[in-house]
Amino acid sequence: MLISHPAEGSVPEKLLREHLENVADISRRQIHKMRLNISPDLISKKMLAEISFLIGMFHDFGKATSFFQEYIRGKRKKSPLTRHGFVSAVICYHIILKKTGSKLWAMAAYLIIKKHHGDLEKFSSDEPDNINIAARQIKDLLSNNLMPLKKIYPDIVDIETILRNIDIDSFDETLEAIEEFLDDCFDEYSEDQKIECYFVINLLFSTLIDSDKKDAARLNTDYFNGNLNEPVNDVFAFIEDCREKNPEKFNPDKEINRVRDQFLYDIQNNDQITKEKHFYTITAPTGIGKTFGCLAFANKLKEKLDEGEGRIIYCLPYTSIIDQNFDEFAKIIQFNKKEKYQQRPGRYLLKHHYLAMKNVKNRISVEEYSYKDYLDDKLFIESWESSMIVTTFVQFFHTVIGYKNSFLKKFHNIINSIVILDEVQNINSEYYFLLRKILDVLGKRFNIYFLLITATQPIILDTEISKPVPMIDSKKYMEHALFNRVVLKVIKEPQYLEDFQDYFCTKFTGENCLIVLNTKKAAVSLFQYIKDKKKDYEIFCLTTYLVPYDRRNKIKRIKALLNDNRKIIVVATQLIEAGVDVSFKYVFRDFGPLDSIIQVAGRCNRNGEYGILGGFMTLLKLNDDKDKLYHAYVYKPILAQHASQVLTEKKYESKDFYNLSERYFSKFDFKAEATKLIEAIYDLNYDEEIAHQTPICKFKLIQQYQEENIYILVTEQAQKGMDRFLKCKSDIYDKNLNKEEKETYLFEIEILKNILKEYQVNLRGKDLAAYHNTSILTDDGYFKYVSYDMQQKYLYDEDIGFLTKPKKEVSATINF
C-alpha cells in the first residue's frame with residue numbers, strides 16, 4: 001500500500017492514490033468553474049483543465065519509489081533518492097507530450113511539478129545529478145511498485161510502457177532540445193499572449209500547490225463553501241441604519257452629507273458598470289466616503305457577474321491603514337449578515353498582511369484550537385478563501401508578478417474577482433508601464449475587474465486600450481467648494497534647515513502645526529530645536545526610528561490633543577502620508593513628488609473643520625549644510641523635476657490639485673525598469689529579473705535600502721515576550737519533546753513573533769555604526785534585539801526613538 005503522508009494524531013496515513021486523485025480533481029474543477037477568455041491560439045479551456053488534472057495526478061508520482069515509502073514510514077533517512085519532484089516532473093512531461101503533442105505545456109508541467117515544494121524558477125537543461133537519481137528511481141519503480149502504480153493510473157495511461165520507454169539517460173538531450181524550443185516558440189505569439197502564457201503557468205502552479213497543501217493537511221473547507229454565492233452587502237441600508245442611530249452625524253440636510261449621498265448615487269446609477277468592462281476609476285477628494293463608494297461599486301458589479309464570482313479584494317499601500325478600513329467594512333458586513341457574521345466572520349471578511357495574526361475566527365472552537373489548527377488557518381488566509389479580503393499592494397502585486405510559492409498559492413482565487421486598488425498613486429511610477437500591460441491582460445483574459453481609487457489619479461491604465469470607466473465626474477467633486485480646504489503657498493527659493501527653524505520658532509503662533517521633512521535626521525534635528533524653543537506647545541516627533549508600539553500610541557495622543565484644541569506641533573517624515581487620519585490647520589512640507597505633496601495636504605484641514613480655505617500649507621525647499629537639497633536624498637531627480645515644472649505659481653488652492661495632478665502624471669513615461677520585467681515575463685525568467693526586480697510598491701514611500709530588522713524592547717512586557725520566545729526556542733532544541741509538546745511550543749512561538757513585531761524597526765548599516773561590535777545589540781541567531789535595560793541606558797529615547805549616537809559613551813565593560 002503506497003502512502004503520500006504519514007498518520008497525524010488520530011488522522012490515519014494518507015493513501016497516495018487518494019491524494020493524487022483529490023488534488024487532480026480539485027485542480028480540474030477549479031479551472032472548469034473559472035470564466036476565462038484565454039487566446040485559443042495559446043490553449044483552450046478544456047485542454048487547460050485536463051493539463052491541470054494530469055499535473056495533479058502526477059505531481060507526487062515519485063513518492064511511489066521504495067526509497068520514499070521507507071522514508072515516510074521512518075525506515076530510511078532523507079536522501080537524494082527520497083526526493084520526488086524531479087522524477088515526477090519527468091514522467092508528467094512525457095505523459096502530457098504524448099496526450100497533447102504540445103512541447104510548451106509539457107515543459108510547463110515539468111517546471112511546475114519540479115518546483116511544487118519551492119519557488120518557480122527559470123527552465124534549465126543542466127540537471128545531471130537529478131537525471132542520475134531519476135534513473136535509479138525509475139528502475140526501482142519497475143522492480144518494486146509497478147502493480148500499485150497500475151492501479152493508480154488504470155484509465156489514464158499505460159504506466160508500464162511509459163516507464164520502460166523513457167530513455168532517462170538521454171533526458172539531458174531532451175532538456176537541451178526544450179531549451180532551444182523555448183528560445184523560438186514565443187516568436188509566433190503577440191506580446192499579450194506571452195503575458196497570458198506566463199499567467200496560465202502561474203495559474204496551473206497555483207491550483208496545484210493550493211490543492212496539494214490543503215489535501216495534505218486534510219482540511220475541511222465547509223467554513224467557506226458557498227460564500228461567494230451569498231447576497232451582496234447593502235451599503236445604502238447600512239447608511240440608513242446609521243442615520244437612525246446617529247441622526248446628527250448622518251443628517252441628510254447637512255451639505256457634506258448631501259455631497260456624499262450624491263457621490264454614492266452617481267456610482268450606484270452608473271450604467272457603465274457591466275460584466276463586459278473590466279477597468280474602472282474613482283478620483284475623488286478625501287472625506288467624500290470612498291470606503292462606502294468602492295463597496296457600492298463592487299456590490300453592483302458583483303450582481304452582474306456569474307454565480308460564484310466577484311470575490312472582493314481591497315488593497316491598500318500600507319499596513320498602518322488597513323485596520324481602520326477593515327473595521328469599516330466589518331460594520332457594513334455585520335449589519336447585513338447579522339448572526340451569520342458573528343458565527344463565521346472569516347467566511348465574509350479577512351485581513352492579510354505580514355503583521356496580522358493568521359487565524360480564522362470561530363472555524364475551530366477556542367478550547368480545541370491547536371498549532372495544527374493555526375497552520376490550517378494560515379493556509380486558508382494565505383489562499384484568500386473569504387468573500388472579501390483586505391490586504392496590501394505588496395501581497396497583491398507579488399502574487400500577480402511573482403515567483404514565490406507562498407504568494408502564488410492564492411493566484412487562482414484572484415481570477416474572476418473584483419480588485420480595488422486604493423491610494424493607487426503610491427505604486428512606484430517606474431512600474432506604470434508594466435502594470436498597464438499586465439492589468440490589461442488580467443482583466444480581458446482572466447476576467448478580473450479593477451477599480452483604481454485616488455485623489456490624484458496617475459495614468460496607469462491605457463485610456464485607448466483598457467478604456468477605464470470613470471465612476472463619477474471627478475472634476476465636479478475635486479473642485480467642489482466644500483472640499484476646497486487648503487491654500488498652498490510655494491516657496492521656490494532653497495533655504496537652509498537652520499534658517500527655517502529659526503524663522504519658524506520666531507514667527508509661528510498658530511494653534512497647531514504639522515511639519516513633514518524628507519529624512520529622519522532632519523526631522524530629529526528640527527524636533528530637538530523646536531522642543532527647546534516652543535515651551536508652550538506639546539511637541540512630537542514621528543519617524544520610523546520609533547517602534548510601531550510607540551508610534552501608534554503617539555498618534556493616538558496627537559489625535560486626542562487635536563480634538564481637545566490643544567497647542568501642538570508635530571515634526572514627521574513621509575510616514576504621515578501613510579493614511580494617518582489627523583488634521584492640522586497649518587502644515588509645512590519639504591519639497592518632493594507632487595503626489596506626496598498632495599497626500600500631505602490631505603492632513604491639512606482634512607475634515608473641513610477650519611472652513612473653506614481654512615487650512616494653510618507651505619511648500620519649502622530645504623538644504624542641508626552641504627548645500628544638498630534634502631529631497632535629493634530620497635527621491636529620484638526626475639520626480640522633483642516634474643513637480644517643479646508643474647508648480648509654476650506661488651499659490652494654489654485644493655481645487656487646483658486635480659488639474660495639477662493631470663499635468664504631473666502626463667509627464668511620466670518610465671519604461672526602463674518595467675521593460676526588464678516585461679521581458680523576463682515573456683521569457684518565463686522567474687529566478688533572475690523576476691526574482692530580484694518584482695515591482696515592490698512604494699509602501700514606505702522612500703527608496704529601499706539595505707536594512708536590518710532590530711527589535712528594541714521598550715517595555716518590560718516586550719522583554720518578557722522576548723525572554724519567553726528564546727526559552728521556547730531553546731526548549732524545542734534541548735528537550736526531548738513529544739510531537740504534541742513540540743507543537744504547543746511552536747504555536748506559542750508564532751504568537752510571540754506576532755507580538756514582538758510591535759517592537760521592530762528597520763535600520764540601515766550607518767544608523768547602527770555606533771553599536772557594532774558591542775554587546776548592546778544581542779544576536780541570538782534568529783533575532784537581533786536590544787534589551788529593555790540596554791535601550792533605556794544607551795540607544796532609545798521616548799520622544800525620538802532609536803538614537804544613532806548613544807545617550808552616553810559606551811562603557812568599558814562592554815566588549816569591543
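This is a predicted model: local features need pLDDT of at least 70, side-chain atom pairs count only at pLDDT 80 or more; totals for chains, interfaces and linings use all residues.

**Reading salt bridges and a helix face**

Analyst: Happy to. Residues are numbered from 1 along each chain as its sequence is written, and side-chain values use heavy atoms, with hydrogens and water left out.

User: What does "partly exposed" mean in numbers?

Analyst: Buried is under 20% relative accessible area, exposed is over 50%, and partly exposed lies in between (1.4 Å probe, protein chains only). R17, at 37%, is partly exposed.

User: And what counts as a salt bridge?

Analyst: You look for a side-chain nitrogen of Lys or Arg within 4 Å of a carboxyl oxygen of Asp or Glu. That rule gives 55 salt bridges here. One of them joins E21 and R17, at 2.9 Å from N to O.

User: Where do E21 and R17 sit relative to each other in helix α1?

Analyst: The general idea: an α-helix has 3.6 residues a turn, so residues three or four places apart point the same way. E21 and R17 are four residues apart in helix α1 (residues 16-32), or about one helical turn. Helices here are DSSP runs (H or I, at least four residues), numbered from the N terminus.

User: Which residue does R28 pair with?

Analyst: R28 bridges to E50, with the closest N and O atoms 3.3 Å apart. This pair links distant parts of the chain, since R28 is in helix α1 and E50 is in helix α2 (residues 45-58), 22 residues apart. R28 has 22% relative accessibility and E50 has 33%, so each falls in the partly exposed class.

User: What about K150 and E160?

Analyst: Their side chains meet in a salt bridge at 2.6 Å, N to O. K150 belongs to helix α7 (residues 146-152) and E160 to helix α8 (residues 159-165), so the bridge ties together parts ten residues apart in sequence. Salt bridges can also share partners: R35, K275, D306 and E309 form one network that way.

User: Now the helix face. Which residues of α27 are buried?

Analyst: In helix α27 (residues 657-665), the buried ones are F657, Y658, L660, S661, Y664 and F665. They span an arc of only 160° around the axis, so they lie on the same side of α27. That arc is taken from the directions from the helix axis to the C-beta atoms.

Note on methods. Helices (H or I, at least four residues) and strands (E, at least two) are DSSP runs, numbered from the N terminus.
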